[in-house]
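User: I am new to this structure and would like a quick tour. Let me ask my questions one at a time.
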Amino acid sequence: MIEDEGNIEVHAPGLPVVAIIGDGQLARMTQTAAIELGQSVRLLAGSKNSSAAQVCADVVVGDYHDYDDLLAAVKGADAVTFDHEHVPNEHLLALIDAGYNVNPRPAALINAQDKLVQRERLSELGAPVPRFVGIDKLEDAEAFWDETGGQVCLKTRRGGYDGKGVWFPQSREELCRLVEEIDSPLLAEEKIDFARELSALVARTPSGETRAWDITQSVQADGICSEAIAPAPGLDAETAREVEALGCSVAEKLEVTGVLAVELFEDKAGDIFVNELAMRPHNTGHWTQDGAVTSQFEQHVRAVLDWPLGDTTRTVPVTVMANVLGAETDPDMEMQDRMVHVARRFPNAKMHLYGKTHRPGRKIGHVNLTGNDADATRRDARLAAGFLRDAVWADGYAE
């Protein structure tokens with residue numbers, strides 16, 4: 001049920017309005033990029049105090065599952081886009097039929113919404129994916145366990161993120177128990193013994209222009225991205241070109257519009273496998289805010305409006321993004337005081353906070369640091385993010 005119909009008076013006459021469905025930190029940072037281009041954002045948010053709603057002047061409070069709420073949020077917008085992939089596709093098709101410019105289109109978005117559809121489509125396109133199977137009955141899971149020698153990753157087809165909706169059963173019996181207990185459509189794929197995770201970040205316009213950023217290495221902790229390093233350390237030039245070409249090919253063949261993140265596994269033999277797709281700005285692209293000519297957030301609004309894409313060249317040798325996650329116990333020191341301490345020790349640290357209250361493990365912000373050496377920059381980024389989390393310098397530094 002719609003609580004309001006927005007605030008049309010806050011939009012500059014003659015400049016684009018982008019409607020964003022979703023109210024998290026991705027929408028918040030996209031809003032910042034849009035206003036620097038003279039554009040403005042109308043937001044469909046779940047509440048007035050959500051991360052993005054705090055900074056957006058035109059907020060419609062409603063439910064993205066409700067078509068009437070969606071319609072109120074997109075009214076008069078030049079483009080409609082998202083900070084998540086969960087809007088029902090039938091609603092998006094109805095918006096397109098009503099004449100709205102929706103990007104990415106539902107035909108592309110389904111590949112980020114449903115992991116089995118994604119795997120099947122990528123396989124058809126010849127992209128490297130792990131062996132997989134849809135689980136319709138218990139026998140499917142048992143047969144796949146035998147086929148892979150027990151190297152099984154079980155996933156929900158829809159809705160999982162940040163490690164949620166993913167299981168690694170340690171026995172055939174555990175796999176069977178999970179399949180019987182989980183009340184959600186499932187797929188199983190072969191567990192990859194990977195050496196590291198990479199991310200190919202690209203943007204594509206409706207008219208077909210495509211640009212890619214440098215390949216990034218991501219580091220996960222408990223299923224959540226904790227760091228992103230750009231460019232990926234030690235990645236040889238040929239592999240980097242192959243991964244970039246793969247990202248661009250996926251964007252073109254799936255007709256993605258906006259930013260696309262292709263998350264990848266690199267195994268110990270150097271082979272690459274696609275892990276996930278995200279059709280929106282992505283955690284592994286946050287480094288672009290302070291390490292590239294054009295950030296992923298600016299590029300996304302350019303792309304969905306079919307504007308010329310910006311230069312994606314790195315501006316510094318190395319950029320490291322470190323996520324700030326809520327500690328088990330919120331420190332007594334106020335966040336603004338922690339930020340002052342970080343700024344004093346690391347004047348080149350760029351802190352991006354999301355306006356979120358503390359919750360253990362919750363993403364509440366990130367820090368970008370630039371430098372000449374990947375190891376040194378990673379160390380400093382970890383220290384800065386750690387102090388914002390714990391109010392303690394992990395290396396014992398005393399001011």
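User: Is the crossing of helix 3 and helix 4 right-handed or left-handed?

Analyst: This is a predicted model. The two helices, residues 89-97 and residues 106-113, have axes that come within 10 Å and cross at roughly 165 degrees. That makes helix 3 roughly antiparallel to helix 4. Where helix 3 passes helix 4, the crossing is right-handed.

User: How many nonpolar, polar and charged residues are in the contact of helix 3 with helix 4?

Analyst: Helix 3 brings Asn 89, Leu 92, Leu 93 and Ile 96 to the contact, and helix 4 brings Pro 106, Leu 109, Ile 110 and Gln 113. By class, the contact of helix 3 with helix 4 has no charged residues, 2 polar and 6 nonpolar.

User: Which elements do the buried residues of helix 4 pack against?

Analyst: Helix 4 is mostly covered, with 6 of its 8 residues buried. Those buried residues are Pro 106, Ala 108, Leu 109, Asn 111, Ala 112 and Gln 113. Their packing partners are strand 4 (79-82), helix 3, helix 5 and strand 14 (272-278).

User: Where is Pro 104, and what is the omega of its peptide bond with Asn 103?

Analyst: Pro 104 sits in the loop between helix 3 and helix 4. Most peptide bonds are trans. The bond joining Asn 103 and Pro 104 is cis, with omega at about 0 degrees.

User: Which proline is joined to Ala 230 by a cis peptide bond?

Analyst: The bond has an omega of about -5 degrees. The proline is found in the loop between strand 12 (224-230) and helix 8 (237-253). The residue joined to Ala 230 is Pro 231.

User: How is helix 2 oriented to helix 3?

Analyst: Helix 2 covers residues 67-74, and its axis is 10 Å from that of helix 3. The two pack at an angle of about 45 degrees. That makes helix 2 oblique to helix 3.

User: Which residues of helix 3 make the contact with helix 2?

Analyst: On the side of helix 2, the contact is made by Tyr 67, Leu 70, Leu 71 and Val 74. The residues of this contact of helix 2 with helix 3 divide into 6 nonpolar, 1 polar and no charged. From helix 3 come His 91, Ala 94 and Leu 95.

User: What is the angle between helix 1 and helix 10?

Analyst: Helix 1 spans residues 25-36 and helix 10 spans residues 296-304. In helix 1, Leu 26, Met 29, Thr 30, Ala 33 and Ala 34 meet Phe 297, Glu 298 and Val 301 in helix 10. The two helices are roughly perpendicular to each other. Their axes are 8 Å apart, at an angle of about 75 degrees.

User: Is Gln 299 buried or exposed?

Analyst: Gln 299 lies in helix 10. Beyond residues up to four places away in sequence, Gln 299 touches Ala 203, Arg 211, Trp 213, Thr 294, Leu 309, Gly 310 and Thr 312. Its relative accessible area is 0%, so Gln 299 is buried.

User: Which residues does UniProt list under "binding site", and what is the relative accessible area of Glu 189?

Analyst: The unreviewed UniProt entry places the feature at Lys 115, Lys 155, Glu 189, Glu 190, Lys 191, Ile 192, Glu 197, Asn 275 and Glu 276. Glu 189 lies in strand 8 (residues 186-190). Among its contacts beyond four places in sequence are Lys 155 and Asn 275. Glu 189 is buried, with a relative accessible area of 3%.

User: Where is Lys 115, and is Lys 115 buried or exposed?

Analyst: Lys 115 is found in helix 5 (residues 115-125). Its relative accessible area is 9%, so Lys 115 counts as buried.

User: What is the phi of Glu 255?

Analyst: Most residues other than glycine have a negative phi. Glu 255 lies in the loop between helix 8 and strand 13 (258-267). Glu 255 is exposed, with a relative accessible area of 53%. Its phi is positive, near 55 degrees.

User: Is Ala 391 buried or exposed?

Analyst: Ala 391 lies in the segment after helix 12 (374-390). Its phi is positive, about 60 degrees, although Ala 391 is not a glycine. With a relative accessible area of 18%, Ala 391 is buried.

Technical notes
Residues are numbered from 1 along each chain as its sequence is written. This is a predicted model: local features need pLDDT of at least 70, side-chain atom pairs count only at pLDDT 80 or more; totals for chains, interfaces and linings use all residues. Side-chain values use heavy atoms; hydrogens and water are left out. UniProt positions are given in the numbering used here, feature names are shortened, and annotations may be inferred rather than shown by experiment. Helices (H or I, at least four residues) and strands (E, at least two) are DSSP runs, numbered from the N terminus. Buried means under 20% relative accessible area, exposed over 50%, partly exposed in between (1.4 Å probe, protein chains only). Contact means heavy atoms within 4.5 Å. Axes are lines fitted to C-alpha atoms, for helices over the stretch in contact, and angles run from 0 to 180 degrees between N-to-C directions. Angles under 35 degrees count as roughly parallel, over 145 as roughly antiparallel, 65 to 115 as roughly perpendicular and the rest as oblique. A crossing is left-handed if the near helix is turned anticlockwise from the far one by less than a right angle, and right-handed if clockwise. Ala, Val, Leu, Ile, Met, Phe, Trp, Tyr, Cys and Pro count as nonpolar, Asp, Glu, Lys and Arg as charged, and the others, Gly among them, as polar.
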